[in-house]
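Reader: I have a model open and would like to learn how to read it. Please take the features one at a time.

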Amino acid sequence: MSSVPARTGRQRQRYEDNLRLVSGCIPYRWRKENADQIGKTEEMIEVLMISSPKRDDLVFPKGGWENDETVTEAACREALEEAGVKGILRETPLGIWEFRSKSSQDLCGMEGGCRGYMFALEVTEELEHWPEQKNRARRWLNIKEAFRLSRYDWMCNALEEFTKVMAEDRKLDNQDNNVDPPSVLVTVDTKIIILVIFISTWCYNLNRRKTHFD
């Protein structure tokens, strides 16, 4: 059992412009795998999604930003409570989105509106037990799979920004090392760029969908 209980209630919930403030993250990890028969390896990026209680879909960990914590602390707390992971949070948000709650029983603000901040979290520890373990299952996915399973526009947009950030980070790492980038990194960057194009096209095709936040 987890020794840290999940926060409940909204006594400390932050609001702004009648919108409930929400913070969350896209947890990710790099995994090496053999790419061909001669033993060459590639690094594949995976993101972590979690199941939604009482609904058959997957989301990223997120929840209310409370008045005794910073927005980044809230994102890390939600990752721990909902997904049971700890890691290194990129402090610059992937973006800020406004949306309406899908459930009429879980209104965000006075009119059901939310303003959400999403971050990228590089996972360094995956706990065996966590506060919301009974209600949430974890699933590691490649970005294309995660995008296919993303039900809401905000998730598509966050994934698009996430892939851009990962590609840019790789380029900066190569420049800092002051060496020609290894083929493994070129392969990873190329795949991410292709995924960005794919995701951008998909999001454009979904622009008529109503924006919800689970």
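Reader: What should I know before reading any number?

Author: This is a predicted model, in which local features need pLDDT of at least 70 and side-chain atom pairs count only at pLDDT 80 or more, while totals for chains, interfaces and linings use all residues. Residues are numbered from 1 along each chain as its sequence is written, and side-chain values use heavy atoms, with hydrogens and water left out.

Reader: How is pLDDT read, and what average does the protein chain have?

Author: pLDDT is the predictor's confidence in each residue, from 0 to 100. The protein chain averages 81, and 67% of the residues score at least 70. Over residues 181-190 the pLDDT stays under 50. The model has 16 contacts beyond four places in sequence for that stretch, a contact being heavy atoms within 4.5 Å. Where pLDDT is low, the predicted coordinates should not be read in detail.

Reader: How many helices and strands does the protein chain have?

Author: Helices (H or I, at least four residues) and strands (E, at least two) are DSSP runs, numbered from the N terminus. The protein chain has four helices and ten strands. Along the sequence they follow the pattern β-β-β-β-β-α-β-β-β-β-α-α-α-β. Of the contacts with a separation of 6 or more, 72% are between residues 24 or more positions apart.

Reader: What share of the residues is buried?

Author: Buried means under 20% relative accessible area, exposed over 50%, and partly exposed in between (1.4 Å probe, protein chains only). By that rule, buried residues make up 48% of the 214 residues in the protein chain.

Reader: Which residues have the most contacts inside the largest nonpolar core?

Author: In soluble globular proteins, nonpolar side chains tend to be buried together. A nonpolar core is a set of buried Ala, Val, Leu, Ile, Met, Phe, Trp, Tyr and Cys residues joined through side-chain atoms within 4.5 Å. The largest one here has 45 residues, and Ile26, Val47, Phe60 and Phe162 have the most contacts inside it. Helix α3 (residues 153-177) gives the most to this core, with eight residues. Leaving aside residues up to four places away in sequence, Phe162 touches Ile26, Tyr28, Ile45, Val47, Leu94, Ala120 and Ile143.

Reader: Is α1 mostly covered or mostly open?

Author: Mostly covered: ten of the 13 residues of α1 are buried. Among them are Val71, Ala74 and Ala75, but also Arg77, Glu78 and Glu82. For length, the expected span of a helix is 1.5 Å times one less than its number of residues. For α1 that gives 18 Å, and the end C-alpha atoms are 18 Å apart, which agrees. Gly84 follows α1 and has a positive phi, near 65°.

Reader: How many salt bridges are there?

Author: Side chains of opposite charge can pair when their charged atoms come close. A salt bridge is a side-chain nitrogen of Lys or Arg within 4 Å of a carboxyl oxygen of Asp or Glu. The count comes to 16. In one of them, Arg136 pairs with Glu82, with the closest N and O atoms 3.5 Å apart. This pair links distant parts of the chain: Arg136 is in the loop between β8 (113-126) and β9 (138-142), Glu82 is in helix α1, and the two are 54 residues apart. Both Arg136 and Glu82 are buried.

Reader: What does Arg115 pair with?

Author: Arg115 forms a salt bridge with Glu98, the closest N and O atoms being 2.6 Å apart. The pair joins strand β8, which holds Arg115, to strand β7 (residues 95-101), which holds Glu98, 17 residues apart. Arg115 counts as buried, at 11% relative accessibility.

Reader: And where is the pair of Glu126 and Arg138?

Author: Glu126 is in strand β8 and Arg138 in strand β9, twelve residues apart. Glu126 is partly exposed, with a relative accessible area of 38%, and Arg138 is also partly exposed, at 25%. Elsewhere, salt bridges that share partners join Glu16, Asp17, Glu98 and Arg115 into one network.

Reader: What is the phi of Asp17?

Author: Most residues other than glycine have a negative phi, and most peptide bonds are trans. Asp17 has a positive phi of about 55° although it is not a glycine. Asp17 is in the loop between β1 (15-16) and β2 (19-34), and is exposed, with a relative accessible area of 60%. Asn18, in the loop between β1 and β2, also has a positive phi, near 65°. Asn18 is partly exposed, at 49%.
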